[in-house]
Amino acid sequence: MDNVDVLIVGAGPTGLTLACDLARQGVASRVVDQSAQPGAGGRGFSLKPLSLAALDDLGLTRAITTAGFVERRTRFHRGTRRLFELDTPPAPVTVEQPYPNVVALPQWRTEAILRERLGELGGKVEFGMRVTGLAGGEVTFAGGERVRARFVVGADGGRSTIRRELGIPFTGRTDEDTRAMISDVRLDGLDPAGGVRMWLSPDRGVALLRPVPETGVWQAVVSLGRDLAGDEDTLRRLLTERTGLPGLRVTEVLWHSVWRYNLRIADRFRAGPVFLAGDAAHVHSPFGGHGMNTGIQDAYNLGWKLGMVVRGLAPQGLLDTYESERMPVARAVLADSDRRMGGMMSWRFARPLAGPLLRAGFVRQQRKTRRDHPVYPAGPLIGEGGGAPAPDGALPTGARLFDLFRGSHFTVLGPGPVPGLDPALVHVHRVAGDFRVVRPDGYVALTSPTAGPVRAYFARFAAG
Ligand SMILES: Cc1cc2nc3c(=O)[nH]c(=O)nc-3n(C[C@H](O)[C@H](O)[C@H](O)COP(=O)(O)OP(=O)(O)OC[C@H]3O[C@@H](n4cnc5c(N)ncnc54)[C@H](O)[C@@H]3O)c2cc1C
């Protein structure tokens, strides 16, 4: 039987982010996925600023920002009648905020970029490996193979086998009346330069078309309700009816899937050496564009902790903070996406001020989406003045802060030395002003005018 430090079940964005983070620390992991080949669907489209900072740390931002784009134009219709067009200029890039905007990229492309990075780091995804059982750190696959792992991470999506094997309830609700068909299509009769189009109608349902620049591909979403079939004929018919565009013709359906409204969270994100992350731990509506981002950030929170424990740099207790930090974030994300979804569903498109109100609401939401970074409250890893993501910046030497943070080490910026710190765990840089401790995942752990609290922080929480 094969033995491995970490077995990652599921090679979606969550599993791949974790695999990259562990690989760069030299931690041996296996990444398995039940699919015969990589997923093809556009699905999650938005990479938010905090995910971009995480991907920067993993050495991926250039690939992501080259392939991705900032969506600025959205055209709204009530029924088939044009209501207004929103043009949202990108927020300016600054030294402190190199990623102020949401980058749009089809999920299959984000996953491909992550897989490529994993390959550069010496890892790979084993496709066609379906996990069927888990008992006492031993994982069983459909073909009968068994693997013993010191740690197992269930990043195996909303229907997680790992969660089921652990017997952890997935608490929440499913609304069978709220269904949508999500697809990637090629079409004629619409200019991609016009940006995203949305058709809203209280009786006919919703349609959305989002171009993927320079590919000829569009993401098409149509609401289905309880009874409509999620097949290609229905997609074509609903697009024609709801857009009212006689020249619109879907020439090819590349991928499609039916989405149901689920709002659920696992009662626990950890059972001993087994963790749940991403959709395996929480699912919600796509409103707010949280899905993939929350999974990436779960993985980024867990990656350095798991890596440090496996490398003997930190005690096992460090792993307790994964659930205590990520579960409140997941709960807040569920509540936010549910609020946004409720707002859309209850919208009375027919009322006279619908256009201006919709415009104002959408602008508000876009601004919020750019800035919805979670802040970790005080806890074992967050001291005085900590909890928020550390901004980027430039030191008088010219060094860029994000470059100093890059890697799975803590960073101390401060006016003097802090004796006794393990250089494998902490990098210290001399900077005028107070001491600032930045965690490997880019969060400020604490600030202090003196070195004492810095020493105490590492003595208490990070000694292996
Ligand atoms: C149809 C659809 C449309 C979506 N649209 C949007 C959107 O518009 N915006 C948005 O933000 N989010 C969207 N999402 C959500 C977003 O795609 C997810 O939040 C994101 O994929 C979560 O990533 P993950 O890695 O946690 O899980 P997943 O991407 O689901 O990956 C899980 C992986 O685990 C594998 N797996 C499952 N079971 C096993 C097993 N037993 N053994 C081995 N491997 C296994 C699967 O093959 C899969 O590759 C959509 C999701 C779906 C399903």
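When I speak of a polar contact, I mean a pair of N or O atoms within 3.5 Å. On that basis, a polar side-chain atom of aspartate 33 lies 2.6 Å from an oxygen atom of the ligand, and arginine 43 likewise places a polar side-chain atom 3.1 Å from a ligand oxygen atom. Glutamine 34 takes part through its backbone, with an N or O atom 3.0 Å from a nitrogen atom of the ligand.

Please keep in mind that this is a predicted model, in which local features need pLDDT of at least 70, side-chain atom pairs count only at pLDDT 80 or more, and totals for chains, interfaces and linings use all residues. Residues are numbered from 1 along each chain as its sequence is written, and side-chain values use heavy atoms, with hydrogens and water left out.

How many residues surround the ligand? There are 27, counting any residue with a heavy atom within 4 Å of it, and the closest are Thr14, Asp33, Gln107, Val131 and Asp279.

Turning to the domains, an automatic or database assignment divides the protein into domain 1 (2–69 + 101–173 + 262–370), domain 2 (174–261) and domain 3 (376–464). The C-alpha centres of domain 1 and domain 3 lie 26 Å apart, and 23 residues of domain 1 are in contact, meaning heavy atoms within 4.5 Å, with 24 residues of domain 3.

Definitions and conventions:
A polar contact is a pair of N or O atoms within 3.5 Å; within protein, one must be able to donate a hydrogen and the other to accept it, and residues adjacent in sequence count only if both atoms are side-chain atoms.
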